[in-house]
Amino acid sequence: MIEFKQINKSYSDGLVLSDINLTVNDGEFITFVGRSGVGKTTIFRLLIGEEKPDSGELIVNGCNVEKLTKSRIPYYRRKLGVVFQDFKLLSRKTVYENVAFTLVVSGASNKKIKELVPQAIGLVGLSGKENRFPHELSGGEQQRCAIARAIVHQPKILIADELTGDLDAIYSWEIMEILLRINKLGNTVLIATHDRDIVNRLNKRVITMENGKVAKDQAVGRYMI
Amino acid sequence: MLRSLFRVIKFGFMNFWRNIWMSFATTLIMVLTLFSISLLIILNLYGDLIIENIKNKIDVTVFFQQDVSKAQIDEVQSALSNMTDVDEVKYTSKDEALKEFQSKHGDNPLILSSITELEGNPLRDTLVIRAKNLDKYNDIKIFLDNEKYQPIVEKFTFDDNKEIINKVSSTLSIAKKIGIGVSVIFCIIVVLVMFNTIRMTIYTQKDEISIMRLVGATNAFIEIPFIIEGMLYGLFASVISTLILYPIILYTTPKINEFFQLVNVDAASVINKNLLIIIAVQLLLGIFLGVVSSAIAIRKYLKV
């Protein structure tokens, strides 16, 4: 469970989030929508512990994220899966190595790496392309590789910011299907997107942000801006 | 834990190999630094050796009057031997001295004939006195200047090498100062160069580092590979420096022995005795400089 309680956050150039109150139950699939700069990315940055709120509490599975010390944050992040808009794949590593990287740096055993990496690659449909380098993949495949890296350590929560930003419609929906599959396995999925078609097609909970506030929170939402 | 340790070491090696030319240049500068410091140590060892050798050659020779009896000489000898500052007193009778002289100049008939032309033995009974310490010769001089010995002692010569010693040690101390100056400058250069190299490694890996952070690598896991990279420069440089140094030592020690006419001491054995220390100093200093430069670069460019 994720709880935002009275969260406020401002940067030097202005208020970004004010009075955010949200509860996300385990296994939900939530889409954050809103114009650029309304605070979607800031919500994600708070969630991964990269920023701390000015006030309020952020509780993720019983853990007070805003109170985590710097040395605890890495261990907290291992419980999350994060996918970025720009993929952030390592160009000198193959698909397999990119996906395994999460496990390597968090100290998993080689046995576990051999077991989990093919599973994750299979889940995103990249089986057979393990030895390719990122530049040998299409944009959609790169995105899938990034998802595989985010889920390989089997986090309960998956966060994806502007996931389908650069992809065309068919690829975008393929990516969404993968996320739905991950969601069906019982994981919480939080995404932010600009893609109207996707939001309308998903039929999942939609949170609309405006000026750093939650403008709408609909259980089965549509893209309405 | 052990697994992570193994992995960070592997990452450190990868950092090193990835930028092999820059690593090579950095290692080379580290070699220069370690090499100059080793030379400084060796200079120190040689310097001590040379001064010690000159000191060994210093002695006071007492020449007795012609008619002095053996008993009188024995008395002086035992008095000198009882002095705490005296290391050794060696008696040479005039007959022995003559024999030695003759054998020494046996191939020179002119000198031999001039000796025989003189009536009797022109040489004197002598005592050669060696002090335990360079500063004690003055006490021996004062002792011999005593009125009691004046009638029997014809003269005594103080083979004063003090001036040479002063010259040698002042030359050595200048050389040492220059050596220390050069070494310090090299140390600063090596830290700057290594700092820059590691900064470049951090820069070229910023994507990797940001991903490491986001997927939950600990700070130690991110930082240690750079520390290891720094240590590797020190390790390789000390090995290379030793490989260059050893042949130089082998070549120079006989020359040093010969040039300074070292007696009882051997430059090679002194160096061999200290070789492990020299290698250890290089290794530890190299690793220390590597770690320090990495730590500065990490502190400055790896915001964690």
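Is Val199(A) buried or exposed? With 22 C-beta neighbours inside 10 Å, Val199(A) counts as buried. The views below start from that residue; keep in mind that the whole model is predicted.

**View 1. Val199(A) and its surroundings.** Look for helix α7 of chain A, residues 196-202, and you'll find Val199(A) in it. Setting aside neighbours within four places in sequence, Val199(A) is in contact with Thr31(A), Val33(A), Thr193(A), Val206(A), Arg222(A) and Tyr223(A). Ala100(A) is another matter: 99 residues away in sequence, it sits 31 Å from Val199(A), C-alpha to C-alpha.

View 2. Thr208(A) has Lys216(A) of β10(A) opposite it. The hairpin of β9(A) and β10(A) has two residues between the strands, and Asn211(A) takes a positive phi near 50° there.

**View 3. An open sheet in chain A.** Four strands line up here in the order β2-β1-β4-β5, with antiparallel pairing. Which strands stand at the edges? They are β2 (14-24) and β5 (63-64) of chain A; each has a single partner strand, so one side of each is left without a neighbour in the sheet. Zoom in on β1 of chain A, residues 2-11, and you can count seven bridges to β2(A). One pair to pick out is Ile7(A) with its bridge partner in β2(A), Ile20(A).

**View 4. Where chain A touches chain B.** In this view, 15 residues of chain A are in contact with 14 residues of chain B. On the chain A side, the elements giving two or more residues are α2 (73-77) and α3 (95-105). The largest share, four residues, comes from α3(A). Sorted by class, this side of chain A has eight nonpolar, four polar and three charged residues.

**View 5. The nonpolar cores.** The largest core has 98 residues, and among those with the most contacts inside it are Val99(A), Ala120(A), Ile121(A) and Ala148(A). Chain B has a part in this core too: its helix α9, residues 219-259, gives the most, with twelve residues. Now pick out Ile121(A). Leaving aside neighbours within four places in sequence, its contacts are Val95(A), Val99(A), Leu126(A), Ser127(A), Glu130(A) and Ala148(A). A second, separate core of twelve residues includes Phe64(B), Val76(B), Val89(B) and Val153(B).

**View 6. Chain B and its two domains.** How is chain B divided? Domain 1 covers 2-54 + 164-301, and domain 2 covers 59-159. Taken over C-alpha atoms, the centres of these two domains of chain B are 54 Å apart. The C-alpha trace of chain B spans about 105 × 40 × 35 Å along its principal axes. Its radius of gyration is 32 Å, while a compact globule of 304 residues would have one near 19 Å. Chain B holds ten helices and four strands, and buried residues make up 29% of its 304 residues. Of the contacts in chain B between residues at least 6 apart in sequence, 89% join residues at least 24 apart.

Terms used: Residues numbered from 1 in each chain as written. Chains lettered and ligands numbered in written order. Predicted model: local features only at pLDDT ≥ 70, side-chain atom pairs only at ≥ 80, totals over all residues. Pairing = 2+ DSSP bridges. Contact = placed C-beta atoms within 7 Å. Nonpolar A, V, L, I, M, F, W, Y, C, P; charged D, E, K, R; others polar. Domains from an automatic or database assignment. Core = buried A, V, L, I, M, F, W, Y, C linked by C-beta atoms within 7 Å. Buried ≥ 20, exposed ≤ 12 C-beta atoms within 10 Å, placed from the backbone. Rg over C-alpha atoms; globule rule 2.2 N^0.38 Å.
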